[in-house]
Amino acid sequence: MTAQRGSHSSLIRMAVTVPARLLMLVALLGTLARLIPAQFSDIPYLPVVVSLTPWFGLAAALALVLGLLSRRWTTALIALLCLCAQVWWQYPFFTSSEGTNSTSSSATSSAPNTADNAARVMTFNVYKGRADAQSIVNTVRDERVEVLALQETTDDFVRSLEQAGISDYLPFSKVSSSDNHYGNGIWSATQLTSAVKDQVNSSSSYMPAGSVAFSGGAASIRFVSVHTTSPTAGTWTAWKRSLTELQQFAQTADTNTKYVFMGDFNATYDHAPFRNFLGSRFSDAARISGDGLTLTWPANRNHIPRLVSIDHIVLDRGISAGDTEVIKLPGSDHAALLSTIAIK
């Protein structure tokens, strides 16, 4: 009887060992992929693997539990090391580096105060003009958005946006297209000064920009609507190049001007080229606010949850963020990303 029980326990351990080792291997490969330097980031399919980095933490946690249950100590140790790395990378998204969400005061009152030092901002990829324009306008109204960045607009979509009443809330805009078909745009509740059709000179798309006055005109922020190349088969090098071009612009940007880049970066914080773009000057609003992972894509597949955070609000030094959230809007494969920002 004792021998039978021992044999039964051995069978259970063996049955648990296989998934434990498979999950450990997945977690290890995902963790190592995140560590690959930017110069090798265009290895085919590597950008896709790195975009899933937070999910490898779940694989590591399961591998750790199963490794302990099956007494596979090496498997458990490797899983633990991978889990520690993932916690180290993702923890900042869940704790505010500002220590407070003080930016949420006037910008989230019953009506936007365009003369203060704070603003509710929003970015949204409208999926080649397929997003529902009325839902966007309703969100702008309900969330008291003062600056809106949209990507993949079309002429017909912009007309639909006007018909839906965007000018009632954001009457000033700058929209541009590099291919006469899909474009990017900025909309603002107050005057857009020094507006240009392309701030970055990117090979990916025109990235329009304009400056918005804050604190009653005492300060201003220059907003840029960003859309980089998507990392797909045949575009790996173009994807890395579009992020490198952003980095090159950021490195030469006037330090006397405060910038906010909003849009579809087609990269997560875990991608080395995106972190290189941020450098020591810029920060991701999601990491500053500590409101968790802002998973925005894919948003149009009912059988698949949103998996990756490729839409960002990137802030210059001297700008804080709070109340960062994701809102699903109909018609797009992306969800909208909103945050409250303020000049410190």
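Picture a 1 Å grid laid over the protein atoms alone: a cavity is a set of points where a 1.4 Å probe fits but cannot get out, and the residues lining a cavity have an atom within 4 Å of a point. Grid points are joined across faces, edges and corners, and a volume is the space filled by probe spheres set on the points. This is a predicted model, where local features need pLDDT of at least 70 and side-chain atom pairs count only at pLDDT 80 or more, while totals for chains, interfaces and linings use all residues. Residues are numbered from 1 along each chain as its sequence is written, and side-chain values use heavy atoms, with hydrogens and water left out.

By that rule, there are three cavities of 30 Å³ or more. The largest cavity holds about 130 Å³ of space. Its lining has 16 residues, with Thr268, Tyr269, Asp270, Leu293 and Ser309 the closest to the centre. Sorted by class, that lining has eight nonpolar, six polar and two charged residues; here Ala, Val, Leu, Ile, Met, Phe, Trp, Tyr, Cys and Pro count as nonpolar, Asp, Glu, Lys and Arg as charged, and the others, Gly among them, as polar.

The second largest cavity comes in at about 60 Å³. Of its 13 lining residues, Ile36, Ser41, Leu46, Val50 and Ala272 lie nearest the centre. Helix 1 (2-34), helix 2 (46-51) and helix 8 (272-278) each give at least two residues to this lining, and helix 2 has the largest share, with three. Helices (H or I, at least four residues) and strands (E, at least two) are DSSP runs, numbered from the N terminus.

Now for helix 5 (residues 133-142). Its buried residues (under 20% relative accessible area, 1.4 Å probe, protein chains only) are Ala133, Ser135, Ile136, Val137, Thr139 and Val140. Among the elements covering them are strand 1 (118-125), strand 2 (145-153) and helix 6 (155-164), where contact means heavy atoms within 4.5 Å. After helix 5 comes Arg144, with a positive phi near 55°.

On to the strands, which pair if DSSP finds at least two bridges between them. Strand 3 (residues 172-177) and strand 4 (residues 183-188) run antiparallel, joined by six bridges.

Finally, six strands form an open sheet in the order 5-6-7-8-10-9, with mixed pairing. Strand 5 (193-196) and strand 9 (283-284) are at the edges with a single partner strand each, so one side of each has no neighbour in the sheet. Strand 5 pairs with strand 6 (residues 209-214) in the antiparallel sense over two bridges, and Thr193 has Ser211 of strand 6 as its bridge partner.

How values were computed. Buried means under 20% relative accessible area, exposed over 50%, partly exposed in between (1.4 Å probe, protein chains only). On a 1 Å grid over the protein atoms alone, a cavity is a set of points where a 1.4 Å probe fits but cannot get out, and a pocket is an open set with protein on both sides within 12 Å along at least five of seven lines; lining residues have an atom within 4 Å of a point.
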